[in-house]
Amino acid sequence: MQPTADSLHLGNYLGALTQWVKMQKDHDCVYCVVDLHAITMEHDPAELRRRSRLTAAQFLAAGVDPSRSILFMQSQVPEHAQLAWVLSCITGYGEASRMTQFKDKSARQQSDRVTVGLFTYPILQAADILLYQANQVPVGEDQRQHIELTRDLAQRFNTTFGETFVVPEPYIVKSTAKILDLQNPEKQMSKSLGGAGCLYLLDDAKTNTKKIKSAVTDSGREIVFDPENKAGVSNILTILATLTSRTAAEVADDFGGKGYGDLKGTVADAFVAFVEPFQRRVNEYIDAPEVLDKVLADGAHRAEVIAQQTLATVYDKVGFLPKMG
């Protein structure tokens with residue numbers, strides 16, 4: 001995840017992070033806070049440092065275990081940028097320009113402010129993956145195109161220079177539920193849509209309660225799970241269901257004869273109770289930055305051991321002279 005916000009939102013947490021935590025049980029996992037990717041847009045350096053620690057702390061608070069998995073900061077392993085350059089030299093301009101996310105992000109900016117870094121972002125992402133000889137990459141459906149580029153580059157390098165990279169498979173994460181924007185329930189919850197419809201895990205209870213109670217519903221009063229005809233109400237039911245480990249239909253049965261105000265109040269209470277222990281764990285890491293930095297330093301060392309081996313092989317295959325002494 002990029003450290004570009006003060007907090008993860010509920011969609012991040014349920015749709016990705018909880019799934020990644022579960023994967024630790026039967027996979028060797030490598031988790032990276034991608035701060036190199038975060039500077040493809042304008043940023044404040046002090047804010048980037050603060051958000052980098054916050055993102056890592058939220059990984060740990062959610063259950064990423066550094067004794068079982070590798071957790072590190074991307075910029076602390078220079079092999080990411082070094083491999084990205086080699087891969088950029090076998091990437092066609094046309095295939096890079098076809099990346100959908102580049103088109104979407106560049107369309108929202110003035111042309112003279114679109115950076116080369118934003119254009120080559122998917123190539124750095126490919127390096128993030130190929131450095132660790134990953135068999136599977138857990139991603140959302142929106143990242144499938146980038147994984148296909150990664151596979152193409154791995155196969156192209158292997159064909160040109162000899163077998164070097166594992167060609168990874170996308171592991172499309174099936175979230176327990178798709179969490180939608182509270183103000184625009186036709187769209188997935190995202191910080192890009194604006195704050196009013198997005199539940200941030202580190203916001204205070206008052207702020208999140210206000211957002212839930214202001215959520216879009218419809219003109220009726222019946223509380224039923226009907227995503228097609230009652231998208232707003234169904235989204236609120238889905239949130240409550242995920243927080244209480246039930247189905248949305250089961251949750252709806254609890255509100256027979258009750259109104260939307262009752263539902264929103266119950267959801268607000270459940271969400272506040274859910275995030276309180278998470279916030280407490282995050283704050284423990286933020287209040288002890290030396291502990292957090294040690295975890296990240298250890299993770300960077302473990303990651304670099306793998307990354308250096310891969311890069312040495314790549315450099316040899318492309319014909320670079322070895323560094324002596």
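**Notebook: helix 3 and its neighbours**

I looked up a helix pair and found that helix 1 passes helix 3 in a right-handed crossing (the near helix is turned clockwise from the far one by less than a right angle). The model is predicted: local features need pLDDT of at least 70, side-chain atom pairs count only at pLDDT 80 or more, and totals for chains, interfaces and linings use all residues. Residues are numbered from 1 along each chain as its sequence is written, and side-chain values use heavy atoms, leaving out hydrogens and water.

I noted that helix 1 (residues 10-23) and helix 3 (residues 45-62) pack at about 65 degrees, their axes 9 Å apart. Helices here are DSSP runs (H or I, at least four residues), numbered from the N terminus. Axes are lines fitted to C-alpha atoms over the stretch in contact, and angles run from 0 to 180 degrees between N-to-C directions.

I listed the contact (heavy atoms within 4.5 Å): Y13, L17, W20 and V21 of helix 1 meet Q58, F59 and A62 of helix 3. By class, I read six nonpolar, one polar and no charged residues (Ala, Val, Leu, Ile, Met, Phe, Trp, Tyr, Cys and Pro are nonpolar, Asp, Glu, Lys and Arg charged, the others, Gly among them, polar).

I then checked salt bridges (a side-chain nitrogen of Lys or Arg within 4 Å of a carboxyl oxygen of Asp or Glu) and the count came to ten. In one of them, D6 pairs with R50, the closest N and O atoms being 2.7 Å apart. I saw that this pair links distant parts of the chain, with D6 in the segment before helix 1 and R50 in helix 3, 44 residues apart.

Note on methods
Helix = DSSP H or I, 4+ residues; strand = E, 2+ residues; numbered from the N terminus.
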